[in-house]
Amino acid sequence: MSEQTGKFVFYIKRIARIYPLHLITLLISIPVFLMEVGMDTPVFTKQFFANVFLLQSFGADRSYFFSGNALSWSISNELFFYALFPFLILAFHYYKWFSRVLLGLACLLILWFLPQIKGAVETHTFFYINPVTRLVDFTLGIFLFDVYKWLKGKNVLAIATPLEIAAVVLMALFFYFHDDVSQAARYAAYYWLPVFVLILAFSFQAGKLSAFLSQKWMVVLGEISFCFYMFHQLVIRYYQLLNADFFQIANPWVSVTLLLTISLFISYEAYYLIEKPLNNYIVSFVRRK
């Protein structure tokens, strides 16, 4: 397979993975949007078409990146990362030290920007939503794979379980003390270290915690997780409207149980009836062509 063909197949697989479900949830978001803001509100706006083309996260306006199915702003970022991924991989392969030094400088630049950006909205937009800023997180993941390959040749598997436990404890400690750092730091860089260690520890899949996560029902939860992410806020929005007008359930535990159950059921059905079949169909269709 040539380099160009490899890139094309990669792009098709990634688009087939995220776009069908994104488009379906965008359409499902229209009725609840009209119920929330008024039935005479225009639907097919600039924000809507920004969502269609997954460009909504590139603007600094919350009316864009939180429009439609609001959580899809991250899918906009994801598509941007996918577009750059083959080139980042080539850079890491052919320009080993230069690419890593550049990544280090990008991390330092993020840290330098921390006190420069003022205001809660501006901080959230720049450090949390902005796809260019979040590209640093994605590229750190590529560097993490290098660390994984290097450690795999060492005697790491012998301490796999303690390493997994230590990684979970480290993440819990960072989360426990997160109020002691600024919101900007939490958006930007605070979780780099614990997430880095957590992913690395579980990447070997050799410890007791990995074995637990490899059980069939846990694997299924992992498979439907993208559907869960894409649907769960829509479920909450519809439920809030219907509950206010009809059900009037006041007990929060009942509401949470219902929301979780409905979200899991929809996610399971959507994965096996929509996401997986459409993904396979698109990839097979392109390969036949």
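This is a predicted model: local features need pLDDT of at least 70, side-chain atom pairs count only at pLDDT 80 or more; totals for chains, interfaces and linings use all residues.

Colleague: Let's start with pockets, then; what volume does the largest pocket have?

Modeller: The largest pocket has a volume of about 720 Å³, and it is lined by 26 residues, with Phe81, Arg134, Asp137, Phe138 and Val195 lying nearest its centre.

Colleague: And which helix supplies the largest share of that lining?

Modeller: That is helix 4, which contributes 7 residues, although helix 4 (73–94), helix 7 (131–152), helix 9 (183–188), helix 10 (192–203) and helix 13 (225–247) each supply at least two.

Colleague: How does the lining of the largest pocket divide into nonpolar, polar and charged?

Modeller: There are 19 nonpolar residues, 3 polar ones and 4 charged ones in the lining of the largest pocket.

Colleague: What about the second largest pocket, how much space lies in there?

Modeller: About 340 Å³ lies in the second largest pocket, and of the 19 residues that line it, Leu102, Leu103, Ala106, Leu135 and Val136 are the closest to its centre. Helix 4, helix 5 (96–113) and helix 7 each give two or more residues to that lining, and helix 5 gives the most, with 8. By class, the lining of the second largest pocket has 15 nonpolar and 4 polar residues, and no charged ones.

Colleague: Switching topic, which residues have the most contacts inside the largest nonpolar core?

Modeller: Those are Phe127, Val136 and Trp192, in a core of 20 residues, and the elements giving two or more residues to this core are helix 4, helix 5, helix 7 and helix 9. In soluble globular proteins, nonpolar side chains tend to be buried together.

Colleague: What does Trp192 touch, leaving out residues up to four places away in sequence?

Modeller: On that count Trp192 touches Cys107, Ile110, Val136, Asp137 and Leu140. There is also a second, separate core of 12 residues, which includes Leu21, Tyr82, Ile224 and Ala270.

Key: Residues are numbered from 1 along each chain as its sequence is written. Side-chain values use heavy atoms; hydrogens and water are left out. On a 1 Å grid over the protein atoms alone, a cavity is a set of points where a 1.4 Å probe fits but cannot get out, and a pocket is an open set with protein on both sides within 12 Å along at least five of seven lines; lining residues have an atom within 4 Å of a point. Grid points are joined across faces, edges and corners, and a volume is the space filled by probe spheres set on the points. Helices (H or I, at least four residues) and strands (E, at least two) are DSSP runs, numbered from the N terminus. Ala, Val, Leu, Ile, Met, Phe, Trp, Tyr, Cys and Pro count as nonpolar, Asp, Glu, Lys and Arg as charged, and the others, Gly among them, as polar. A nonpolar core is a set of buried Ala, Val, Leu, Ile, Met, Phe, Trp, Tyr and Cys residues joined through side-chain atoms within 4.5 Å. Buried means under 20% relative accessible area, exposed over 50%, partly exposed in between (1.4 Å probe, protein chains only). Contact means heavy atoms within 4.5 Å.
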